[in-house]
Amino acid sequence: MKITGIHSHVLQYDLPEELGYSQQYYAKRTAHLIEVETDEGVTGWGECFGPGNIALANKGIIEKVIQPMALGHDPLDRDVIWHKVYNLTRDHGQKGMMLQSLSGVDIALWDIAGKVAGMPISKLIGGTHRDRVPVYGYGMMLRPENAQSLADRFTDEAAEIKSAGFTATKMKVGLGPADDVKLVEAVRRGVGDGFRFMVDANHCYTTSDAFFVGHALEELGVYWFEEPVAPEDLDGYRELRAGLRVNISGGEGEFTRWGWRHLLEGRCLDIAQPEVCALGGISEYLKVLALAHTHFTPVINHVWGSAIAVATNLHLLAAMPPLPGGLHPWEPMLEFDTTDNKFRDDLLVEPLNIQAQVAKSGGYVAIPKGPGLGVEPERSFLQKFAINT
Ligand code: CA
């Protein structure tokens, strides 16, 4: 079997309302899907992390840089292709957009491998340690409005996510330390005592501001404090982890085994959040997972994007070994965006119906059982939302 083409589909639509995180507000939803074609008619699908104009730049990398290196290769030689691309582009991008682009291609090659073997990716990796995973629903995005009105909105939204059946929830902060603590108090009011929730700063704080907010999170019983400081600031991470009782999480902005090595050896994280659609795809994710577990650091995947990314992560979460094991082991969760996302809800020929599964099962979602990713995008949907450049 030979690879005959790699196509990049950048999809976009206008969101019904502007949403934000600590770095920016955004008005459009983007998804970036990768399609790998073969001479035997088997097609694989993958996804690249990276919104908006980043996706358009990655499309150029995929079609102009990676495709010529991969054409003619047997798609089952995914590790060979990965290292060929990585080694030939090492001087131009050991992190960032080069790796995001390679990730989507690698995921599509795993989809092909599963389809050829006639088994789901979770089985190909080594089997399912669990046939369903708990789901946390994130929401409480920033909006361009004042802090008091945002806090009121967060109280209501948190209560809605809880009543929709999700096992936990996650909020954004980023208005500044004092207002951010008020937002967290508002979410605690919304979910009540005892319900698990997390706080995502998207690296907006200095270390001292992160300590100020982190001490408030301890008092409010927050489960984790995500990306408190810049991803490059490993010393800041180390100091926060040693000095705060709240779990420190992060890593969505880190790439490859070589990048993750420093985060893990530096004892920077209580919970690691690798992003498979950015760090190098499934092949590299499995190496990062092994490295995290080597350091006995639990992993809860970062998930962003379309139903392709959600399906990819369901297989990875199913195949994740228990750490460290036991009668009532620590369990990973699926990250799920509760805000408007057609690319997750309406993309597939047979939708995953995550929200309906969560409502029905008390917060759980099943692992797709078909070969490869076990999901297929609807062609007419791709055509409808593709942006032509
Ligand atoms: Ca995050």
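On a 1 Å grid laid over the protein atoms alone, a pocket is an open set of points with protein on both sides within 12 Å along at least five of seven lines, whereas a cavity is a set of points where a 1.4 Å probe fits but cannot get out; residues with an atom within 4 Å of a point count as lining. Points are joined across faces, edges and corners, and a volume is the space filled by probe spheres set on them. The model is predicted, and local features therefore need pLDDT of at least 70 and side-chain atom pairs pLDDT 80 or more, while totals for chains, interfaces and linings use all residues. Residues are numbered from 1 along each chain as its sequence is written, and side-chain values use heavy atoms, with hydrogens and water left out.

The largest pocket holds about 790 Å³ of space and is lined by 31 residues, among which Tyr21, Gln24, Phe49, Pro51 and Trp304 lie nearest its centre. Two or more lining residues are given by each of strand E1 (3-21), strand E2 (24-38), helix H1 (52-70), helix H3 (97-117) and strand E5 (168-172), where helices (H or I, at least four residues) and strands (E, at least two) are DSSP runs numbered from the N terminus. The largest share of this lining, 5 residues, comes from E2. Because domain 1 (3-119) and domain 2 (123-366) both give residues to the lining, the largest pocket lies between them; the domain bounds come from an automatic or database domain assignment.

By class, the lining of the largest pocket comprises 11 nonpolar, 11 polar and 9 charged residues, with Ala, Val, Leu, Ile, Met, Phe, Trp, Tyr, Cys and Pro counted as nonpolar, Asp, Glu, Lys and Arg as charged, and the others, including Gly, as polar. The second largest pocket contains about 150 Å³ of space, and Val349, Glu350, Pro351, Leu352, Pro368, Gly374, Val375 and Glu376 form its lining, which divides into 5 nonpolar, 1 polar and 2 charged residues.

Cavities of 30 Å³ or more number 2 in the structure. The largest cavity, with a volume of about 70 Å³, has a lining that includes Arg29, Tyr138, Trp304, Asp337 and Arg344. Strand E10 (residues 334-337) supplies the largest share of that lining, 3 residues, and the classes are 5 nonpolar, 2 polar and 4 charged. In the second largest cavity, which holds about 50 Å³ of space, the lining residues include Glu227, Pro231, Tyr237 and Leu263, and the classes are 3 nonpolar, 2 polar and 3 charged.
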